[in-house]
Amino acid sequence: MTIANKVVIGLTGGIGCGKTTIANFFADLGIDIIDADIAARKVVAPNSNALLQISQHFGKPFIMPDGTLNRPLLRSQIFSNELDKQWLNNLLHPLIRQTMLEEIQQSQSPYCLLVAPLLIENNLQSLVARILVIDISQSAQIKRAVLRDPSSIDEIKRIIASQISREDRLKHADDIIDNSGADLNLIKTSVIKLDQKYRDLAAS
């Protein structure tokens with residue numbers, strides 16, 4: 001899809017697959033990155049209306065002393081309570097979507113990258129021209145996620161279970177980067193090839 005005459009490429013993948021690392025490679029090539037996780041943080045900034053509603057719904061312990069959202073507590077809550085998860089999604093998803101659309105419209109690069117872990121789950125396919133999936137095995141996901149995140153293995157597994165399966169995600173892919181190896185130079189080569197492909201698409 002083009003928004004404000006921009007071609008949008010959706011980048012997605014499960015937890016721990018290396019989405020941020022690969023998005024940074026695209027950024028190094030001059031591509032604007034719109035990150036759903038960053039948009040999600042913006043809409044719950046201190047003193048925001050969304051943060052106030054979260055505090056009223058879940059209680060004061062979900063707000064840190066400095067006025068920011070207690071993310072670990074909220075994450076544990078919604079992954080153990082489906083109704084709370086649905087309530088939070090109904091509150092935040094429209095706000096996050098609007099923030100991303102505004103950032104896409106402000107993009108100045110030939111195409112832009114929309115990085116969204118739940119691109120498919122949240123039905124954001126209509127916003128993008130192509131879907132780039134960053135793929136690794138589930139065992140590698142768990143290993144990498146535990147190394148970078150203080151969450152327990154059980155919580156990481158719950159997060160993986162809440163996301164679309166690896167097989168279904170790959171079915172939606174227009175392009176795939178296998179990030180299971182340790183050779184970043186190979187990954188960079190793949191990114192450079194895709195960058196040219198997307199620039200050609202934007203110019204067509």
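**View 1. Glu103 and Lys42, a salt bridge in the predicted model.** Here we zoom in on Glu103 paired with Lys42, where the closest N and O atoms sit 2.6 Å apart. Glu103 belongs to helix H5 (residues 82-106) and Lys42 to helix H2 (residues 36-43), so this pair ties together parts that are 61 residues apart in sequence. Side chains of opposite charge can pair when their charged atoms come close. How many salt bridges does the structure hold? The count comes to six.

**View 2. Where domain 1 meets domain 2.** Domain 1 takes in 1-31 + 109-203, while domain 2 covers 38-106. Their C-alpha centres are 23 Å apart. On the domain 1 side, 17 residues make contact with 10 residues of domain 2. The size of an interface is often given as the accessible area lost when the parts come together. For this pair of domains, the buried area is about 1200 Å², and carbon and sulfur atoms give 64% of that. How many salt bridges run between domain 1 and domain 2? That count is zero.

**View 3. The largest pocket and its lining.** This pocket holds about 1700 Å³ of space. Its lining runs to 48 residues, and the ones nearest the centre are Asp37, Ala40, Arg75, Pro117 and Leu118. Which helix gives the largest share of the lining? H5 does, with nine residues. Sorted by class, the pocket lining has 23 nonpolar, 13 polar and 12 charged residues. Both domains take part, with at least three lining residues drawn from each of domain 1 and domain 2.

**View 4. The largest cavity.** Rolling a probe the size of a water molecule over the atoms shows where empty space is left. Searching the whole structure turns up one cavity of 30 Å³ or more. The largest cavity has about 50 Å³ of space inside.

Definitions and conventions:
Residues are numbered from 1 along each chain as its sequence is written. This is a predicted model: local features need pLDDT of at least 70, side-chain atom pairs count only at pLDDT 80 or more; totals for chains, interfaces and linings use all residues. Side-chain values use heavy atoms; hydrogens and water are left out. On a 1 Å grid over the protein atoms alone, a cavity is a set of points where a 1.4 Å probe fits but cannot get out, and a pocket is an open set with protein on both sides within 12 Å along at least five of seven lines; lining residues have an atom within 4 Å of a point. Grid points are joined across faces, edges and corners, and a volume is the space filled by probe spheres set on the points. Domain bounds come from an automatic or database domain assignment. Contact means heavy atoms within 4.5 Å. Buried area is the accessible area (1.4 Å probe) that two parts lose on being put together, summed over both. A salt bridge is a side-chain nitrogen of Lys or Arg within 4 Å of a carboxyl oxygen of Asp or Glu. Helices (H or I, at least four residues) and strands (E, at least two) are DSSP runs, numbered from the N terminus. Ala, Val, Leu, Ile, Met, Phe, Trp, Tyr, Cys and Pro count as nonpolar, Asp, Glu, Lys and Arg as charged, and the others, Gly among them, as polar.
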